[in-house]
Amino acid sequence: VEYTLWSNGIVIDTSVEAHAQEAGIYNPQRSYEPFAFTLGNEEVIAGFENAVLGMKINESKTVTIAPKDGYGEYDPMQKRAVMETYAVPRQETYQASLFWDMFPDFNISQSDSVIVDVWNATVISITTETVTLRFNPNINDTRPGEYGSFPETIYDMNETSIMIKRSAELGESYVWYDETGSGRWGVATSVGDGVIMLDFNHPLAGQELEFAIKLIAINGISG
């Protein structure tokens with residue numbers, strides 16, 4: 001199918017290059033071409049799939065999709081306040097098996113230096129059961145925001161703790177990991193006063209969507 005999507009009367013997405021240029025959202029890095037999906041595989045929102053069902057090749061239609069058949073209603077409870085700063089201990093003890101998983105091909109002894117998560121550390125003790133490290137980073141050392149995590153900078157340090165500041169930009173998406181290690185993507189909706197507010201709702205949650213759809217082919221067969 002070819003499609004163009006409006007939200008609040010504004011074109012926000014399209015598979016048609018000319019429409020993207022007209023709307024001022026053209027992205028030269030994107031390939032504009034018909035979008036293929038399999039019915040019944042939940043690859044698209046329910047309202048879009050229901051609109052395509054029964055269409056004939058080269059048929060066009062415009063449909064309005066309610067939030068319940070789009071990206072759901074907006075849930076104000078799907079937010080989390082993340083502190084901009086936090087502290088971690090300078091010394092940490094690992095299970096030996098976990099440590100050697102990180103350094104499988106190294107011959108490491110007590111007092112050796114290693115790098116863990118971009119930080120320098122010294123091996124304080126090493127036994128068959130545990131390995132204890134003392135981290136020795138520098139003020140202003142940074143940890144890049146990889147795989148959606150927050151970019152971080154060390155802003156202070158003492159004998160027992162390392163103080164870290166998270167960075168975030170409004171409108172950017174980040175992954176937040178809960179106590180179980182499960183990650184969720186959220187959009188930074190406010191940054192300031194020591195708090196980053198993440199919104200886990202889909203950006204189009206609660207919005208009525210208007211799609212212009214043209215069916216180009218079915219099972220690879222076009223008109």
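Which elements each supply at least two residues of the lining of the largest pocket?

Analyst: Four do: β5 (85–89), β6 (91–95), β12 (161–166) and β13 (173–177). Strands here are DSSP runs of E, at least two residues long, and helices are runs of H or I, at least four long, numbered from the N terminus. The model is predicted, so local features need pLDDT of at least 70 and side-chain atom pairs 80 or more, while totals for chains, interfaces and linings use all residues. Residues count from 1 along each chain as its sequence is written, and side-chain values use heavy atoms, without hydrogens or water.

Now the pocket itself. The largest pocket holds about 590 Å³ of space. Its lining has 22 residues, and those closest to its centre are Y86, D117, W119, R143 and E152. A pocket is an open set of points on a 1 Å grid where a 1.4 Å probe fits, with protein on both sides within 12 Å along at least five of seven lines; lining residues have an atom within 4 Å of a point. Volume is the space filled by probe spheres on these points, joined across faces, edges and corners. By class, the lining has 15 nonpolar residues, one polar and six charged.

Take E152, one of the residues closest to the centre. E152 sits in strand β11 (residues 152–157). Its relative accessibility is 11%, so E152 counts as buried (under 20%; exposed is over 50%, partly exposed in between, with a 1.4 Å probe and protein chains only). Its side chain makes two polar contacts (N or O pairs within 3.5 Å, one able to donate a hydrogen and the other to accept it). One reaches the side chain of Y86 at 2.8 Å. The other joins E152 to the side chain of R143 at 2.6 Å. Y86 and R143 are also among the residues closest to the pocket centre. Leaving out residues up to four places away in sequence, E152 touches Y86, D141, T142, R143, I164, K165 and R166 (heavy atoms within 4.5 Å).

β11 leads on to a loop. E159 is found in the loop between β11 and β12. E159 is exposed because its relative accessibility is 59%. R90 is 69 residues away from E159 in sequence, yet 7.2 Å away in space, C-alpha to C-alpha. Beyond four places in sequence, E159 touches R90 and R134.

Last, the cores. The largest nonpolar core has 17 residues, and V1, F48, V52, I65, L209, F211 and I213 touch the most other members. β1 (2–7), α2 (46–52), β3 (60–65) and β16 (209–214) each supply at least two residues of this core. A nonpolar core joins buried Ala, Val, Leu, Ile, Met, Phe, Trp, Tyr and Cys residues through side-chain atoms within 4.5 Å. I65 touches I45, G47, F48, G70, Q207, E208, L209 and F211, again not counting residues up to four places away in sequence. A second, separate core has 15 residues, including F99, V114, V131 and I162.

Notes
Ala, Val, Leu, Ile, Met, Phe, Trp, Tyr, Cys and Pro count as nonpolar, Asp, Glu, Lys and Arg as charged, and the others, Gly among them, as polar.
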